[in-house]
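Please look over the model below. A short report on its packing and its ligand shell follows.

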Amino acid sequence: MRWLVTGGGGQLATRAVDLLDGSGDDVVALTSRDLDITDAAAVERAVADVRPDVVLNAAAYTAVDAAETDEATAAAVNEDGPRLLAEALARHGGRLLHVSTDYVFDGAADTPYDIGDPTGPRTAYGRTKLAGEQRVRAALPDRSHVVRTAWVYGGPGANFVDTMRRLEGERETVSVVADQLGCPTWARDLAAGLLELGRADVPGGVLHFVNAGQASWHDLAREVFRLVGADPGRVEPTDTASFPRPAPRPAWSVLSTRAWVAAGLTAPRPWRDALAAYLAAAPAV
Ligand SMILES: NC(=O)c1ccc[n+]([C@@H]2O[C@H](COP(=O)([O-])OP(=O)(O)OC[C@H]3O[C@@H](n4cnc5c(N)ncnc54)[C@H](OP(=O)(O)O)[C@@H]3O)[C@@H](O)[C@H]2O)c1
């Protein structure tokens with residue numbers, strides 16, 4: 001199989017390319033410098049040249065707060081870019097795995113969001129990601145998958161887990177919000193899931209992939225401390241109201257992977273197991 005991975009410098013893309021290298025598949029990974037997915041002519045050229053069996057679109061505008069004051073740029077990357085990829089694949093053949101987010105939901109639920117639950121984004125980022133999902137599904141209904149995920153860590157660049165590991169060495173205590181719940185997800189596990197999906201014969205549609213179980217950011221930080229041999233009691237709980245941000249953070253980001261498993265794909269492992277594997281494998285920051 002031949003893969004084209006966009007957003008090649010990002011967390012997810014980097015882990016996907018790690019797994020594809022040496023897998024026997026061909027992979028062409030393009031960073032934002034190599035391919036700007038908002039450039040229609042460049043997208044057409046890339047798809048026509050590479051002729052991928054599967055495009056993994058890991059490119060996104062992920063600056064959630066900045067999107068509030070720059071929704072046009074966020075929409076170009078999160079809505080127009082995925083549409084251009086889907087349209088090019090409609091012309092040339094090939095499938096699209098497009099990655100989306102818990103931010104398409106309103107964050108007000110108290111049971112895990114399933115694939116068919118009503119969306120209702122409360123942020124500019126969430127609105128643009130939802131629009132991207134819709135564009136992809138409309139342009140390539142039979143050959144696209146939208147895979148929503150949440151709370152991803154473990155690629156290059158800043159992420160919550162690495163930040164907690166660093167702060168453990170720098171501060172006696174850290175305050176972490178305990179009233180937002182989600183599913184911490186190792187980028188490597190997500191990448192492996194997407195590769196499995198890309199190789200499987202699953203009808204096009206929307207799926208969710210997150211590591212299993214749920215946690216607050218406070219739970220996650222405590223587990224990082226515990227796993228590096230530090231006292232989890234040094235992580236103090238606080239609440240969302242104490243950390244005002246331009247984009248409101250969802251209180252509930254727990255996604256159901258019921259449909260993923262029902263499609264015959266491997267059930268994601270528990271988030272604590274994935275975190276332990278990540279910390280065992282990752283060089284200290
Ligand atoms: N991280 C999370 O917690 C999380 C949670 C839910 C869903 N997701 C979704 O998961 C996917 C992967 O996220 P991630 O964590 O890997 O994000 P990431 O580390 O921010 O990577 C995104 C990549 O997209 C690239 N990019 C930005 N604009 C581009 C453009 N116009 N053309 C091509 N590439 C462009 C960025 O390159 P530059 O750095 O050069 O701009 C960056 O390398 C995204 O769809 C995201 O919405 C992430």
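Is tryptophan 186 buried or exposed? Tryptophan 186 counts as buried, at 6% relative accessibility. Buried means under 20% relative accessible area, exposed means over 50%, and partly exposed is in between (1.4 Å probe, protein chains only).

This is a predicted model, in which local features need pLDDT of at least 70 and side-chain atom pairs count only at pLDDT 80 or more, while totals for chains, interfaces and linings use all residues. Residues are numbered from 1 along each chain as its sequence is written, and side-chain values use heavy atoms, with hydrogens and water left out.

**Around tryptophan 186**

Tryptophan 186 sits in strand E9 (residues 185–186). Helices (H or I, at least four residues) and strands (E, at least two) are DSSP runs, numbered from the N terminus. Leaving aside neighbours within four places in sequence, tryptophan 186 is in contact with residues including Tyr153, Arg269, Ala274 and Tyr278. Contact means heavy atoms within 4.5 Å. Leucine 275 is 89 residues away from tryptophan 186 along the chain, yet their C-alpha atoms are separated by 6.9 Å.

**Two nonpolar cores**

Leu275 also belongs to the largest nonpolar core, which has 33 residues. A nonpolar core is a set of buried Ala, Val, Leu, Ile, Met, Phe, Trp, Tyr and Cys residues joined through side-chain atoms within 4.5 Å. Val161, Leu220 and Leu275 have the most contacts inside this core. Helix H6 (160–170), strand E7 (174–177), helix H8 (217–227) and helix H10 (271–281) each supply at least two of its residues. Valine 161 touches Tyr153, Leu220, Val224, Leu275, Tyr278 and Leu279, not counting residues up to four places away in sequence. A second, separate core has 29 residues, among them Leu35, Ala74, Leu84 and Tyr125. In soluble globular proteins, nonpolar side chains tend to be buried together.

**The ligand**

Which residues come nearest to the ligand? Of the 25 around it, they are Leu12, Ser32, Thr62, Tyr125 and Lys129. A residue counts as near if one of its heavy atoms lies within 4 Å. By class, this shell has twelve nonpolar, ten polar and three charged residues.

| Residue | Part of residue | Ligand atom | Distance |
|---|---|---|---|
| Isoleucine 37 | polar backbone atom | nitrogen | 3.0 Å |
| Threonine 62 | polar side-chain atom | oxygen | 2.7 Å |
| Valine 99 | polar backbone atom | oxygen | 3.1 Å |

Taken alone, the ligand exposes 910 Å², and the protein buries 76% of that. These areas come from the Shrake-Rupley method with a 1.4 Å probe. Helix H1 (11–20), strand E4 (95–101) and helix H5 (124–139) each give two or more residues to the shell. E4 gives the largest share, three residues.

Serine 100 lies in strand E4. Serine 100 is buried, with a relative accessible area of 2%. Its side chain makes a polar contact with the side chain of glutamate 133, at 2.7 Å. Within protein, one atom of such a pair must be able to donate a hydrogen and the other to accept it, and residues adjacent in sequence count only if both atoms are side-chain atoms.

Why is H1 largely enclosed by the rest of the structure? Because eight of its ten residues are buried. Those buried residues include Leu12, Ala16 and Leu20. They pack against strand E1 (2–6), strand E2 (26–30), strand E3 (54–57), E4, strand E6 (152–153) and helix H7 (187–199). Just after H1, glycine 22 takes a positive phi of about 85 degrees.

How values were computed
A polar contact is a pair of N or O atoms within 3.5 Å; within protein, one must be able to donate a hydrogen and the other to accept it, and residues adjacent in sequence count only if both atoms are side-chain atoms. Ala, Val, Leu, Ile, Met, Phe, Trp, Tyr, Cys and Pro count as nonpolar, Asp, Glu, Lys and Arg as charged, and the others, Gly among them, as polar.
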